Structures are given as C-alpha cells and as structure tokens.
Amino acid sequence: MPAFQLKQFQQQTNRLLQVFALPSEFHSQLTRLFQRYEQPSYRYGTGVQAPPEPAYHLQPLMMDELINELKYMAVERPRSALLLAQECWTDEYYETKKVAAIVLGEAPLFDLAMFQDTFTQMLDSAGQEHYDLLFIHSWKRFREEHPEMVAEWISNWLAGDRLDVGLSAIQSLIRVEAMDSLPTIFRLIEKFVIIGDLSYREEILQIMDGLAKLSPMETAHFLSELTTHFYGEKRMQYFRALCRSFGKPQRDFINRAFMDPSVHYHDEDVIDD
C-alpha cells in the first residue's frame, strides 16, 4: 500500500466525484481506489470493532474524507445518489456497502416510493451483519423526516415473518439516541416482553439494556407497568431471566421500579445476584 497523503487522496477523490452520475464507472473507480489503499493488517484501537469481512480495512481519516465529499454530492444530486447506492450495494466489501448506505441516507427524499423501492432492494439482499449500515445510515433522513413511516415499517416487520429485521431496526433507533422515538419503541416491544417468548431473548435483552442506558426512569416505569397489569408466573420467570443478564447499573434501576409494594414482583435474590 502506498503511503497515504491527504492532498493526493483529495485529488483522487475529486476525479471519482466527476463520475458520480455514472454508477458503474463510479463503482469501478471506487474499487480501484480502495484496493490501492487497503490494509489487511490494520490494527483497530481499543473499543473499536473491526468491520465484517470482506473489508479493505482503510484508515478512518481516508473514509471520513471521502464520505464528507459524497454527502455533499448526494444532497446536490439525489436521483443519481439512489442509482449509485443500488450499484455499490451489490459489492461484497464492507466499505463499498457503507458508501452506498450513506449516500442513500443523505439524499433528499424527492420521491418516497423510489426511496422505499431502493431501500427494500438493499435490505432484501443484506446479511444480518450489514443491517446496521442500512438502519443507521440509509435511514438517516427518512428517520428524521418521516418518523411515523419508520414506526409503520417496523410494525409490519414485527407482525410478519421478518421479526429479526424489525428488532434490528429498533436497536438502531436506540443506537442513534432517537429520544423522540422512545414512546414508539416501548409500544412496539411491549407485546414481546408481555408474551415472554425466549426465542428472541438476546435481542430483547439488548433492546432493554439500551433503553435502560438511554432513559432509565422511563424504562423502569415501562417494566413496572407491565408487571402491575400483566402479572403471570411465566412472565415473571422471563423478567427474572432478563434481570440476571443485566449489568449492575441496570439491575439497580430495575430494583427501583419494583420497590412499590403495589407491584407484584420483587425478587431481591435475582436483582442482587
């Protein structure tokens, strides 16, 4: 790999941007650029998760520089951005898929039907390891401008045969700290917590853990209300399973939720394990 020089890379990026409206040519040039600077032995910093393979493992500065330019182009040329996103998403490499997801998420929503078609095509061909790219990056503008449609899409996935997609979408709302979406999130996951189905226990645990960190008091109130109005031994067993897997800060906040004597569930042995 040649030594990375910012000025030279900016010149290469400018040449790439000249073919932004030509998806196939852009894809080819982007691939050559990434291959030129790939670093298979790149070491990620502490707490930074390596991307799923295959990946080029590019320097963060390089990706940041390129993405900043692409965001501007996506805003200026939204129709070209949709076509480019479709093209680049077909690539197997993580960084190229990330370019596709970000370009789609930054483009103004000039035609919701076209956006939905593009997003659906990308989602249908995505592996679970790439869901975050779609829900965090490709949904950026859609999430901000059409929260009611976001809730509708998630509800349809949860009600149909794409439960894993719906739960991943909910997790993405928590990761981007979409505080305005908290009431919607609680409403969407309520039935799964009430039912106590262990099939998706890990996913529900991650969601509840994220909610606990994002808004402890609202999450405590949510769980308290459920135990008050939907008491049942099997459900309590499910709650105990959730509690055992929470970290101590989360167990502490749950403990506060169940201190009210009118609540039917209070298990010191579980919470203090």
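Mentor: Accessible areas here come from the Shrake-Rupley method with a 1.4 Å probe, and for residues only the protein chains shown count as cover. On that basis the chain has an accessible surface of about 13,700 Å², 48% of which belongs to carbon and sulfur atoms. The model is predicted, so local features need pLDDT of at least 70 and side-chain atom pairs count only at pLDDT 80 or more, while totals for chains, interfaces and linings use all residues. Residues are numbered from 1 along each chain as its sequence is written, and side-chain values use heavy atoms, with hydrogens and water left out.

The chain has 16 helices and zero strands, where helices (H or I, at least four residues) and strands (E, at least two) are DSSP runs numbered from the N terminus. Now to the part you asked about: the axes of helix H11 (residues 182–195) and helix H12 (residues 201–214) come within 12 Å and cross at roughly 145°, the axes being lines fitted to C-alpha atoms over the stretch in contact, with angles running from 0 to 180 degrees between N-to-C directions. The contact, meaning heavy atoms within 4.5 Å, is made on the H11 side by Leu182, Ile185, Phe186, Ile189, Phe192 and Val193, and on the H12 side by Ile204, Ile207, Met208, Leu211 and Leu214. By class, this contact of H11 with H12 has 11 nonpolar, no polar and no charged residues, where Ala, Val, Leu, Ile, Met, Phe, Trp, Tyr, Cys and Pro count as nonpolar, Asp, Glu, Lys and Arg as charged, and the others, Gly among them, as polar.
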